[in-house]
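I opened my notebook beside the model today. I wanted to record what I looked up, one topic at a time.

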Amino acid sequence: MSLRSTLIALFLFSAAATYAQETHGYIGGRVVDPQSVPVAGCPVTVTHIGTGATTRVEASESGYYEANLLPPGTYEITVTAPGFKQLVRKGIALPVGARLNIDFTLELGTVNETVSITAETPLLTTNSGSSGTVMDSRILNDVPVLNNMSLLLAELTPGVQSSGVNSWVSYHSGGGGLVYSINGGVGGNDFALDGVPNNGGRSAAVIPHTETISEFKMETSGFDSSLGHSTGITVSMMTKSGSNQLHGSLTETHWNQQWQAAPFFVRQTYYTNIAGGESQGRYGAGQ
């Protein structure tokens, strides 16, 4: 093989090994008038409630709009067009990596009039056949998690199997522990943190503290080609970002050794070694 061919092969291999999962989301849909005629060119403003960041797009000639690369959170969408009332839709929850289709039907009137829609039925993602669970900030805050290891909540996902053995290597980190599988452990898992690969074998290389995670998504089957890097579980984690409100949190972790029983096999090995030593006449330390 020539030097040029070797360099090309190495480049392709490195490019394939540095893939990333997209943890941002998408909101799109169609804007029409009361007769379902597309309203072309009308501005659509998508606002993140927590940060105030806005994404402004325009509907196409067919009335379609799309806002890409949106971080997870709660959104508000405002649609304005000459000859129609301003339409505002609030309380749109966008999970990590989700794609939401939201259509708007404008009412005739002036732009000074506003139609506000709130507290609607939760949106369903109908453009994807993937199955799994999204662990949002409410679950991360309300459900007690041992050692603040956020990935322990993965066991709440239907179909996920655990080895039952966790390896504590540092504070809120399991290192090579927390091994999960699905479908009998066939294939590997795929982990990402803010869109960056976070693989450490079948487990995550870095397991962030629960207070630092906004939410994470466990996909167990049916994911599309953008996530199909393995036949196991796909885990996409998103860290928290700043917001317009001053806030903070305080966490205390206390391990009481008197209240923690050793695992069965650890105790079995311990007492087996003692029995073996006593059978050889060794009854003290160093004997």
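My entries follow, from the whole chain down to single residues.

**Ground rules**

I am working with a predicted model, where local features need pLDDT of at least 70, side-chain atom pairs count only at pLDDT 80 or more, and totals for chains, interfaces and linings use all residues. Residues are numbered from 1 along each chain as its sequence is written, and side-chain values use heavy atoms, with hydrogens and water left out.

**Entry 1: the whole chain**

I looked up the secondary structure and found three helices and 18 strands in the protein chain. Helices (H or I, at least four residues) and strands (E, at least two) are DSSP runs, numbered from the N terminus.

Next I checked burial. Of the 287 residues in the protein chain, 34% are buried. Buried means under 20% relative accessible area, exposed means over 50%, and partly exposed lies in between (1.4 Å probe, protein chains only).

Then I turned to contacts, which means heavy atoms within 4.5 Å. Among contacts in the protein chain with a separation of 6 or more, 65% come from residues 24 or more positions apart.

**Entry 2: an open sheet**

In what order do the five strands of the open sheet stand? I read S3-S2-S5-S6-S9, with mixed pairing. Two strands pair if DSSP finds at least two bridges between them. Strands of a sheet pair through backbone hydrogen bonds, either parallel or antiparallel.

S3 and S9 stand at the edges with a single partner strand each, so one side of each has no neighbour in the sheet. From one strand to the next, the twist averages 20°. For such angles, axes are lines fitted to C-alpha atoms (for helices over the stretch in contact), and angles run from 0 to 180 degrees between N-to-C directions.

I followed S2 in both directions. Strand S2 (residues 43-48) runs antiparallel to strand S3 (residues 54-58), and five bridges join them. Pro43 has Glu58 as its bridge partner in S3. S2 and S3 make a hairpin with five residues between them, and Gly52 in the turn has a positive phi of about 80°. S2 also pairs with S5, antiparallel, over five bridges. There, Val46 has Ile77 of S5 as its bridge partner.

**Entry 3: Gln86**

I found Gln86 in strand S6. Gln86 is partly exposed, at 22% relative accessibility. Leaving out residues up to four places away in sequence, Gln86 touches several residues, among them Thr78, Thr110 and Val115. I also noted Leu106: Gln86 and Leu106 are 20 residues apart in sequence, yet their C-alpha atoms are 7.7 Å apart.

**Entry 4: salt bridges**

How many salt bridges does the structure hold? I counted two. A salt bridge is a side-chain nitrogen of Lys or Arg within 4 Å of a carboxyl oxygen of Asp or Glu.

One joins Lys85 and Glu107, at 3.6 Å from N to O. Lys85 lies in the loop between strands S5 and S6, and Glu107 in the loop between strands S8 and S9, so the pair ties together parts 22 residues apart in sequence. Glu107 is partly exposed, with a relative accessible area of 39%.

Lys240 and Glu211 form a salt bridge too, with their closest N and O atoms 3.9 Å apart. Lys240 is in the loop between strand S18 and helix H3, and Glu211 in the loop between strands S16 and S17, so this pair ties together parts 29 residues apart in sequence. Lys240 is partly exposed at 39%, and Glu211 is partly exposed at 25%.

**Entry 5: rings**

I looked up aromatic pairs. Rings of Phe, Tyr and Trp (its six-membered ring) pair if their centres lie within 6.5 Å; planes under 30 degrees apart count as stacked, over 60 as edge-to-face and the rest as tilted. This rule gives three aromatic pairs.

Why is the pair Phe264 and Phe265 edge-to-face? Their ring centres are 5.1 Å apart and their planes stand at 75°, so the pair is edge-to-face. Tyr270 and Tyr271 also have centres 5.1 Å apart, with planes at 80°, so they too are edge-to-face. Phe265 is exposed at 60% relative accessibility. Tyr270 and Tyr271 are exposed as well.

I found a charge over a ring: the charged end of Arg99 sits over the ring of Tyr26, 4.2 Å from its centre. The rule asks for NZ of Lys or CZ of Arg within 6 Å of the ring centre and within 35 degrees of the ring normal.

**Entry 6: positive phi**

Most residues other than glycine have a negative phi. Leu69 has a positive phi, near 55°. Leu69 is in strand S4 and is exposed at 60% relative accessibility. Asp194 also has a positive phi, of about 55°. Asp194 is in the loop between strands S13 and S14 and is partly exposed at 32%.
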